[in-house]
Amino acid sequence: MTWLGLLAEAPPSLDAVGYALHDRGFAGHMARTPQVTRYYLQWQRGTAADAWSEQRIWDELDIRMGAADHGPLHRGPFRERGLFDLTCDVIEPLRHGSLFLAGDAASLLAPAAAKGANLAVLAAEILATALLGALTRGDTTGLDGYSDRCLEHIWKAQEFTGWMTRLLHSAPETGGDAGSFFQAGLRRSRIASLRTSRIHQDWFAANYVGV
Ligand SMILES: Cc1cc2nc3c(=O)[nH]c(=O)nc-3n(C[C@H](O)[C@H](O)[C@H](O)COP(=O)(O)OP(=O)(O)OC[C@H]3O[C@@H](n4cnc5c(N)ncnc54)[C@H](O)[C@@H]3O)c2cc1C
């Protein structure tokens with residue numbers, strides 16, 4: 001799965017983060033400043049980032065984000081364009097002698113659930129506390145448990161990120177009508193459950209906001 005990431009010199013079009021689930025593919029909206037907004041488009045792997053004109057990208061964002069129903073997007077020139085492959089990886093363990101891995105060096109997450117930087121900050125905090133314990137009190141329990149403690153959070157975030165990735169994306173790239181039909185059915189069921197089940201909504205909120 002690939003995203004085209006765009007930084008637009010345009011005010012945000014929504015008050016909140018916007019995830020648009022469309023048969024043509026995912027689109028995302030993230031406010032950055034009153035003058036700058038980040039957008040994402042699910043993108044055909046192998047297509048260059050500059051293959052589409054700005055007009056075509058805005059028109060596609062309008063379609064996927066339902067501008068006809070929810071109002072037009074605020075348009076402006078794109079300051080940046082980049083392609084992001086939605087890859088995931090984990091290194092185990094996170095400690096190799098006196099080397100401690102943290103952040104993306106320890107675990108890569110697809111950006112679908114916006115967890116990577118949050119996990120990196122958490123690992124830095126755990127490591128800083130462990131280093132203080134070892135260096136000021138000679139207590140190495142924090143360093144000894146560093147890898148296991150971080151991996152617990154990392155795998156939880158990976159599981160939620162995988163769930164979000166499957167929720168957000170239509171599957172035009174995977175090919176095969178039977179596979180696409182089945183995936184589309186699962187996706188509809190996930191969305192329906194998220195709309196109607198309080199338990200599911202609480203689970204989603206705890207995972208989306210927490211680390
Ligand atoms: C499109 C996209 C959107 C994302 N959105 C979110 C989000 O909304 N929320 C979220 O929590 N996460 C998000 N992430 C993930 C987040 O950006 C990363 O997980 C986070 O930046 C990892 O922090 P890090 O410090 O480990 O690595 P980095 O931020 O990559 O920092 C590593 C630094 O090391 C420097 N460096 C590399 N090699 C060397 C060297 N040899 N010598 C010196 N310096 C070096 C690099 O230049 C860089 O500055 C997103 C990622 C992507 C790709």
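Biologist: How far apart are the axes of H3 and H4, and at what angle do they cross?

Modeller: The axes of H3 and H4 come within 9 Å and cross at roughly 170 degrees. This is a predicted model, so the values are computed from its atoms.

Biologist: Why is H3 called roughly antiparallel to H4?

Modeller: Angles over 145 degrees count as roughly antiparallel. The H3 and H4 axes cross at roughly 170 degrees. That makes H3 roughly antiparallel to H4. The crossing of the two helices is right-handed.

Biologist: Which space in the structure is called a cavity, and why?

Modeller: A cavity is a set of points where a 1.4 Å probe fits but cannot get out. A search of the whole structure finds 1 cavity of 30 Å³ or more. The largest cavity has a volume of about 90 Å³. It is lined by 14 residues, and Gly103, Leu119, Ala120, Ala123 and Ile154 are the closest to its centre.

Biologist: Which elements give two or more residues to the lining of the largest cavity?

Modeller: H3 and H4 do. H3 gives the most, with 5 residues. By class, the lining of the largest cavity holds 9 nonpolar, 4 polar and 1 charged.

Biologist: What makes a space a pocket instead?

Modeller: A pocket is an open set of points, with protein on both sides within 12 Å along at least five of seven lines. The largest pocket has a volume of about 340 Å³. Its lining has 20 residues, with Trp3, Arg32, Tyr40, Pro111 and Ala114 nearest the centre.

Biologist: How do you know that both domains take part in the largest pocket?

Modeller: Its lining draws at least three residues from each of domain 1 (2–85) and domain 2 (89–209). Strand S4 (37–43) and helix H3 (116–137) each supply at least two lining residues. H3 gives the most, with 3. The classes are 14 nonpolar, 2 polar and 4 charged.

Biologist: What lines the second largest pocket?

Modeller: Its lining includes Tyr19, Leu21, Met164, Ile191, Arg195 and Phe204. Strand S2 (18–20), helix H4 (141–168) and helix H5 (177–196) each give two or more residues. The volume is about 290 Å³. Here too, domain 1 and domain 2 each provide at least three lining residues.

Biologist: Why does the lining of the second largest pocket count 1 charged residue?

Modeller: Arg is in the charged class, and Arg195 is in the lining. The other classes hold 9 nonpolar and no polar residues.

Biologist: What makes the phi of Ala114 worth a remark?

Modeller: Most residues other than glycine have a negative phi. The phi of Ala114 is near 55 degrees, a positive value. Ala114 lies in the loop between strand S9 (107–108) and H3.

Biologist: Is the peptide bond from Glu92 to Pro93 cis or trans?

Modeller: The bond from Glu92 to Pro93 is cis, with omega near -10 degrees. Most peptide bonds are trans. Pro93 lies in the loop between strand S6 (89–90) and strand S7 (95–96).

Methods
Residues are numbered from 1 along each chain as its sequence is written. This is a predicted model: local features need pLDDT of at least 70, side-chain atom pairs count only at pLDDT 80 or more; totals for chains, interfaces and linings use all residues. Side-chain values use heavy atoms; hydrogens and water are left out. On a 1 Å grid over the protein atoms alone, a cavity is a set of points where a 1.4 Å probe fits but cannot get out, and a pocket is an open set with protein on both sides within 12 Å along at least five of seven lines; lining residues have an atom within 4 Å of a point. Grid points are joined across faces, edges and corners, and a volume is the space filled by probe spheres set on the points. Helices (H or I, at least four residues) and strands (E, at least two) are DSSP runs, numbered from the N terminus. Domain bounds come from an automatic or database domain assignment. Axes are lines fitted to C-alpha atoms, for helices over the stretch in contact, and angles run from 0 to 180 degrees between N-to-C directions. Angles under 35 degrees count as roughly parallel, over 145 as roughly antiparallel, 65 to 115 as roughly perpendicular and the rest as oblique. A crossing is left-handed if the near helix is turned anticlockwise from the far one by less than a right angle, and right-handed if clockwise.
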